[in-house]
Each structure stands twice: as structure tokens, then as C-alpha cells.
Amino acid sequence: MFWNEKIETMPRDELAALQGERLRKIVAYVYERVPFYKEKFDQMGLKPDDIRGVEDLGRLPFTKKTDLRDTYPFGMFAVPREELIRIHASSGTTGKPTVVGYTRDDLQVWAEVCARCFALSGARPGDMFQNAYGYGLFTGGLGMHYGAEYMGISVIPVSGGNTARQIMILQDFQPDVMACTPSYALTLADRLLEEGVNPADLRVRVFILGAEPWTEEMRAELEEKLQVDAVNIYGLSEIIGPGVSNECIEAKDGMHIMEDHFLPEIINPDTGEPMPEGEVGELVFTTLTKQALPLIRYRTGDLCSITYEKCKCGRTHARMSRILGRADDMLIVRGVNVFPSQIESALLNIEHIAPHYCLVLSREEHLDVMEVQVEVTDEFFREVGDEVFSGHAMEIVEEVRELENIVRTRLRETLGLNARVKLLGPGEAPRSQGGKLKRVIDNRVLK
Ligand code: ADP
Ligand code: ZN
């Protein structure tokens with residue numbers, strides 16, 4: 001089923017014309033309304049009129065997450081604050097979040113693209129939808145919520161977590177569609193099976209999964225365990241939230257990008273040059289219709305490839321591959337963006353803590369576990385005694401436990417995540433052969 005057949009199946013030359021027209025408008029719009037862009041254009045000697053169509057995209061400057069951070073919280077907005085009717089935020093690089101805003105029209109576009117995602121996933125008006133994405137500052141919950149309502153789906157806004165309640169609702173309400181993160185879907189599947197629930201007794205037929213990287217193996221496992229279809233959805237708050245792209249259930253072979261609203265490019269992350277079709281590089285988006293936070297050539301940091309081949313579902317919009325990695329050092333832990341630099345700044349200035357740490361990531365029952373291993377100072381080490389840190393101590397002394405608590409609290413405040421904390425003696429943090437500290441050890445097997 002299509003949601004907006006005319007747009008979704010538009011011949012590519014017509015689509016390019018529409019994109020070109022919208023690109024010209026948005027370029028003039030940001031030049032007039034966003035000082036950041038006016039300055040950039042002026043510096044480059046670029047006039048809005050120089051951009052005549054998508055073929056000129058490469059002449060425009062890039063926008064980075066740090067630009068949003070530098071203008072925190074509202075500096076990149078193109079409308080007066082009073083015209084925002086919604087504000088969301090995502091985790092940033094320094095402890096301050098990246099703030100995004102929406103006008104009424106923006107929210108309408110968001111509902112439209114999310115409704116298309118439901119159609120792509122095989123959902124229909126009249127279905128019932130269990131929304132297990134988090135509601136709140138995170139865009140996932142509310143984005144999907146309004147898309148589903150717009151389509152005419154009954155939404156159950158259960159939000160994330162509380163597996164017992166999710167299972168109760170799945171059994172008692174019998175929804176047709178569910179959305180959550182892929183790792184959570186697998187946790188849920190295991191719990192369902194452990195509790196002896198027969199998947200045939202559940203009506204749910206499709207899971208819409210995103211917000212973090214996952215694999216074909218995970219899809220196969222979930223589809224097999226629960227006898228459902230699982231489709232991939234992609235988005236990021238800076239561009240709109242969920243609804244940037246979604247796989248079609250017919251092919252499950254790449255996520256169709258809502259190209260009439262978000263103009264994609266793949267660039268070489270080192271040089272900024274465009275990559276040939278089909279090759280992996282950094283995904284870049286220009287928003288074509290956003291009013292509150294229009295972004296020109298926004299570098300997502302996500303690595304993937306794009307194909308423009310026609311899809312068997314009949315849609316003409318480009319498809320992006322799964323996200324294969326990050327161009328920067330961002331990690332995604334339980335759906336939350338984490339930069340090692342955030343850990344560094346969180347640990348800074350904690351008394352008795354040395355700036356030598358290692359972030360160890362693993363998975364327990366499909367869920368991410370983050371352990372921060374950090375060295376104490378020589379002074380603290382000498383005071384408290386080395387046997388405590390050799391791993392053979394009979395009991396952890398009070399000072400160590402206290403220090404661990406301080407570190408844990410600081411990390412939770414900065415990252416919005418619970419981390420395990422392990423204090424190490426001086427020189428004990430994992431180092432590579434060259435003696436360089438290993439900042440991240442990622443033992444998560446995407447399974
Ligand atoms: P937060 O989760 O902190 O609120 P965002 O929603 O903006 O922040 O996070 C967006 C990022 O999540 C993307 O840039 C990408 O790295 C990741 N992401 C979202 N959907 C997917 C997906 N389907 N596959 C892989 N990564 C995804
Ligand atoms: Zn398709």
C-alpha cells in the first residue's frame with residue numbers, strides 16, 4: 001500500500017525538478033533567516049541565486065552537529081521561538097543536548113513522512129499500534145505516534161521499557177504493529193517465549209525497528225522467533241526524527257528516503273567529495289521543506305550507501321543501505337548517542353580520578369551494557385592500598401565504593417545512561433601495544 005502514491009512513485013525526472021525548486025527556495029530562506037548560513041555564504045562568495053537546482057548542491061556549505069552545539073540552544077532556528085509548537089532534543093557531544101524545533105507545518109510534514117513509513121511497513125488504517133519507542137525529548141515516541149494517528153491507526157502510547165506490561169498489552173489488546181529498538185525487540189521475543197507464549201496467539205504481524213544499528217541476522221532471528229515481519233526505519237532528530245527513511249515490506253532491501261523532503265548525498269567523509277552511486281560513505285541531508293530548523297548539507301556521521309534503482313514495490317525514491325558504521329567516534333548505547341569525549345568531560349575534575357579511562361561495551365540478553373573503567377590517581381592508590389585494586393581484595397573499602405558512586409552519578413548526569421563503574425589502579429587501563437590508551441572496547445556482537 002502507498003500512503004501518497006503520486007509522490008512515492010513519481011518519475012525521477014519529475015522528482016528532481018521538484019527537489020530543485022524546493023532547494024532554491026530553502027537556500028533563499030536560510031540566507032535570509034539564519035545568520036549562520038548568511039555568514040557562510042558570504043564568506044564563500046555564494047549567492048542564493050547561484051543555486052539553480054540539485055546539480056548545484058555541491059556548491060553549498062556543509063552543516064555539522066557542532067554547528068548546532070555552537071549555537072545552542074536556539075541559534076540555528078529560522079523562525080521566532082514563538083512559532084515553534086514543539087521542541088525535542090537529542091544527546092550531544094558535550095553533555096548539552098542538540099535542540100530541534102518544529103512549526104505547525106513541520107509537524108504536519110513529520111506526520112506525513114511517518115505515515116508513509118507505516119505504509120512502507122505494511123500497516124494500514126484501522127490497525128492497532130503498540131508504540132514502545134520512548135516518549136519524551138527523544139523524537140522516536142512522539143514522531144511515530146502522530147504518524148500513526150494521521151494514518152488512522154489506533155495508537156497505544158506505552159513508551160519504552162517495562163517488559164511485563166508490553167507483554168500484557170501484546171496479549172490482551174492484540175495490536176497489529178509494534179515499534180521499538182531492534183535490541184529491545186529481541187529481548188521481548190525471548191521473554192515471550194520464556195513465558196510460554198505461542199507467537200501464533202499474538203496478532204502482531206510487523207515490527208518497525210530503528211534508532212540503533214542492527215543486522216540481517218537479528219532480523220532473521222526475530223522474524224523466526226515471533227513469526228512476524230521486521231522492517232528497518234531510520235531517522236535523526238536534526239533532520240526530523242523517525243521518518244527520514246524506511247524499508248518497504250515487499251523488498252526489505254534498503255530504506256526508501258522521503259526524497260521530496262530530505263535530499264540525500266553520500267560523500268567521502270575525509271574529503272567531502274561525492275561518492276559514486278552504490279559506494280559507502282557519509283550520509284548527508286538537505287532538508288527541503290523544514291521551516292523551524294532547515295539544514296543545508298547536514299553531515300549525519302552515518303556511513304551507508306544509496307541506490308537509485310527502481311524498487312519492486314513500485315516506489316521511485318532512493319534507497320539507503322543499513323547503517324554500516326559512523327564517520328566520527330559516536331557510539332549508540334541503548335539508543336542513546338554517546339561520544340567518548342563526553343565520558344572524558346564527565347570524568348574531568350573528579351577528585352582522585354585520573355584522566356585514563358576505557359569504555360567497555362557488551363551485550364547481556366540483547367541489551368547494551370556500558371562499563372567505564374577508570375584509573376584512580378597515584379595518591380589515592382597509595383592511600384587506599386594496592387591490594388584493593390589488584391582484584392583480590394576481600395572487601396571493597398568504603399572510600400572506593402564512595403568514589404565509584406560519585407563517578408556513576410556524574411556519568412548518569414552527563415550521558416543520561418546508567419553505567420557500571422570499575423576503578424583501576426594507575427596504569428591499569430587497557431592500552432594498545434604502542435602504549436596508547438584504548439578509549440573504547442566494543443564487545444557487542446550484533447547478533
Ligand atoms: P537520540 O537517540 O540521542 O535522541 P537521534 O534520534 O538524533 O538521537 O539519533 C539518530 C542516530 O541514530 C542516527 O544518526 C543513527 O546513527 C542512529 N539510527 C537511527 N536509526 C537507525 C537505524 N535504523 N539503523 C542504524 N542506526 C540508526
Ligand atoms: Zn521498495
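# Close-up views of a predicted model

**View 1. S159 in the loop between β4 and α7.** S159 sits in the loop that runs between β4 (154-156) and α7 (163-172). The model shown here and in the views below is predicted. The phi angle of S159 is near 70°, a positive value in a residue other than glycine. The relative accessible area of S159 is 17%, under the 20% limit, and S159 therefore counts as buried.

**View 2. The site of the zinc ion (ligand 2).** Four side-chain atoms coordinate the zinc ion (ligand 2): SG of C248, NE2 of H256, SG of C311 and SG of C313. Angles among the 4 donor atoms of the zinc ion (ligand 2) run from 101 to 114°, and the site is tetrahedral. For four tetrahedral donors the ideal angle at a metal is 109.5 degrees. Along the chain, the donors of the zinc ion (ligand 2) are spaced as C-x7-H-x54-C-x1-C.

View 3. C248 is buried, at a relative accessible area of 0%. C311 has a relative accessible area of 6% and is buried as well. For C313 the relative accessibility is 10%, so C313 also counts as buried. A disulfide is a covalent bond between the sulfur atoms of two cysteines. The number of disulfides found in a search of the whole structure is 0.

View 4. S183 belongs to helix α8, which spans residues 182-194. Its relative accessibility is 3%, and S183 counts as buried. A polar contact of 2.5 Å joins the side chain of S183 to the side chain of E212. With neighbours within four places in sequence left aside, S183 is in contact with E212, M218, R363, H366 and L367.

View 5. The peptide bond from Y72 to P73 is cis. Its omega is near -5°. P73 is placed in the loop between α4 (65-70) and β1 (86-90).

**View 6. R334 in the loop between β16 and β17.** R334 is found in the loop between β16 (331-333) and β17 (336-338). Phi of R334 is near 50°, which is a positive value in a residue other than glycine. The relative accessibility of R334 is 46%, and R334 counts as partly exposed.

**View 7. Domain 1 and domain 2.** The domain assignment gives the protein a domain 1 covering 5-328 and a domain 2 covering 336-442. Taken over C-alpha atoms, the centres of domain 1 and domain 2 are 34 Å apart. In the contacts between them, 15 residues of domain 1 meet 12 residues of domain 2.

**View 8. E383 in helix α11, with T63 for reference.** E383 is part of helix α11, residues 378-384. At 55% relative accessibility, above the 50% limit, E383 is classed as exposed. From C-alpha to C-alpha, E383 and T63 are separated by 49 Å in space. In sequence, E383 and T63 are 320 residues apart.

Key
Residues are numbered from 1 along each chain as its sequence is written. Chains are lettered from A and ligands numbered from 1 in the order in which they are written. This is a predicted model: local features need pLDDT of at least 70, side-chain atom pairs count only at pLDDT 80 or more; totals for chains, interfaces and linings use all residues. Side-chain values use heavy atoms; hydrogens and water are left out. Donors are N, O and S atoms within 2.8 Å of the metal (3.2 Å for Na, K and Ca); water is not among the atoms, so sites may look incomplete. Four donors count as tetrahedral if all angles lie between 85 and 135 degrees; four count as square planar and six as octahedral if opposite donors are over 155 degrees apart and all others between 65 and 115; anything else is irregular. Buried means under 20% relative accessible area, exposed over 50%, partly exposed in between (1.4 Å probe, protein chains only). Helices (H or I, at least four residues) and strands (E, at least two) are DSSP runs, numbered from the N terminus. A polar contact is a pair of N or O atoms within 3.5 Å; within protein, one must be able to donate a hydrogen and the other to accept it, and residues adjacent in sequence count only if both atoms are side-chain atoms. Contact means heavy atoms within 4.5 Å. A disulfide is a pair of cysteine sulfur atoms within 2.5 Å. Domain bounds come from an automatic or database domain assignment.
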